[in-house]
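Hello,

Here is the structure I promised to pass on to you.

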Amino acid sequence: MSELSENAINPIKWIDNHGHLQLLDQSKLPQEEKFLYLNTWEEVFSAIRDMKIRGAPAIGVAAGYALALACFQLKQVKEEFDLNRIADIGFSLIQARPTAVNLKWAVERMIAKSRMLIPRKDLAAKLLEEAKSIHLESYESDVKLSEFGADVIPRGSSVLTHCNTGPLATGGFGTALGVIRKAWAQGKIKGVISTETRPWFQGSRLTMWELNKFGIPSTLIVDSMAGYLMSRGEIQCVIVGADRIASNGDVANKIGTFSLAVLAKEHGLPFYVAAPITTIDLDKNNGDEIPIEERLAEEVIIVKGISIGVQESKVLNMAFDITPSKYITSIITDNGVASAPYNKSIKELIIG
Ligand code: MRU
């Protein structure tokens, strides 16, 4: 865990002495750096649903700890409990954010681990170890994919990114933002343009906060400005993260990603997706099969408690969209870089 603890931004931390999970409350950033201390899986469920922790890999890590907490809770009531309870709680956790497959992946890994542990004497402690492994592996895969990604970013680029894919959204290093960090460290990029990312402002609140901490030159734009900046030659490539990637390379990511990909193609700019292998869902043949989360109207018309719209408005708030693979130059993973035809290249990355 040494690399994790040395990281400047540590949004998820298991506190051993107290046996609880510490989360940096992302709904309060950047105005307040407030930590939550969670003792039950139900509290972790609420933190994921209410986006106090968010980003596909990060909610997978949090779900791992939630199932370890669930096991400690069940043990307190009855030393020998029905293992199916862990599976039921895992199923509930998956419902908190249905698009990000990393959540489902982490829950399934924890359930599989619980079933393998015979005798069940140290089940809770062993599940906690498994959650810590998921956390560390998530960090390590970010570092690997960031190295692959830094190689493909065109030298001298101003890089546009969308939403938030840095330490806050991941196991602690970053996916698309990890690539940006590595490319910046290698002197390959000029700086970053971050969209504000309506309605939840992951770009203006979180990505700008992280880029500022890393000392990477960055400019914030409203989402609708991207096309005009591309037409003026002020952006050389786009890089985003992913919440789920289908086996044909279609990508589910933050709403607005699809529009950026179409704009990039129109302007002849490379459009990269950076995500760990755990974000690929080979059970989904294409993007149409990926569930898209819809969130509450309030997120669109109320900002920090202030109403900015007509309360009676009918609001459609889809949290993600699908970018068809034909718009994607490459998918950068911890196993290497895939490009079209994705059906073949993605399988090769996973199977080796
Ligand atoms: O709704 P969010 O903030 O959880 O959405 C996050 C994204 O869309 C990210 O781009 C994605 O999870 C990749 S995070 C490394």
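Below are some notes on the ligand and on a few backbone features.

First, the ground rules. This is a predicted model, where local features need pLDDT of at least 70, side-chain atom pairs count only at pLDDT 80 or more, and totals for chains, interfaces and linings use all residues. Residues are numbered from 1 along each chain as its sequence is written, and side-chain values use heavy atoms, with hydrogens and water left out.

Let's start with the ligand. It has 18 residues around it, and R54, R97, Q202, N253 and K254 come nearest (near means that a heavy atom of the residue lies within 4 Å). By class, this shell holds seven nonpolar, seven polar and four charged residues; Ala, Val, Leu, Ile, Met, Phe, Trp, Tyr, Cys and Pro count as nonpolar, Asp, Glu, Lys and Arg as charged, and the others, Gly among them, as polar. Domain 1 (12–141) and domain 2 (147–351) each give at least three residues to the shell, with bounds from an automatic or database domain assignment. At least two shell residues come from each of α3 (56–77) and β9 (251–254); helices (H or I, at least four residues) and strands (E, at least two) are DSSP runs, numbered from the N terminus.

N253 has a polar side-chain atom 2.7 Å from an oxygen atom of the ligand. For Q202, a polar side-chain atom lies 2.8 Å from a ligand oxygen, and an N or O atom in the side chain of R97 is 2.8 Å from an oxygen atom of the ligand. The protein covers 99% of the 410 Å² of accessible area that the ligand has on its own (Shrake-Rupley method, 1.4 Å probe).

Now the backbone. Most residues other than glycine have a negative phi, and most peptide bonds are trans. R198 and P199 are joined by a cis peptide bond, with omega about 5°; P199 is in the loop between β5 (189–195) and α8 (202–214). From A340 to P341 the peptide bond is also cis, with omega near 0°, and P341 lies in the loop between β16 (336–338) and α12 (342–351).

Best wishes

Definitions and conventions
Polar contact = N/O pair within 3.5 Å; in protein donor to acceptor, adjacent residues only side chain to side chain.
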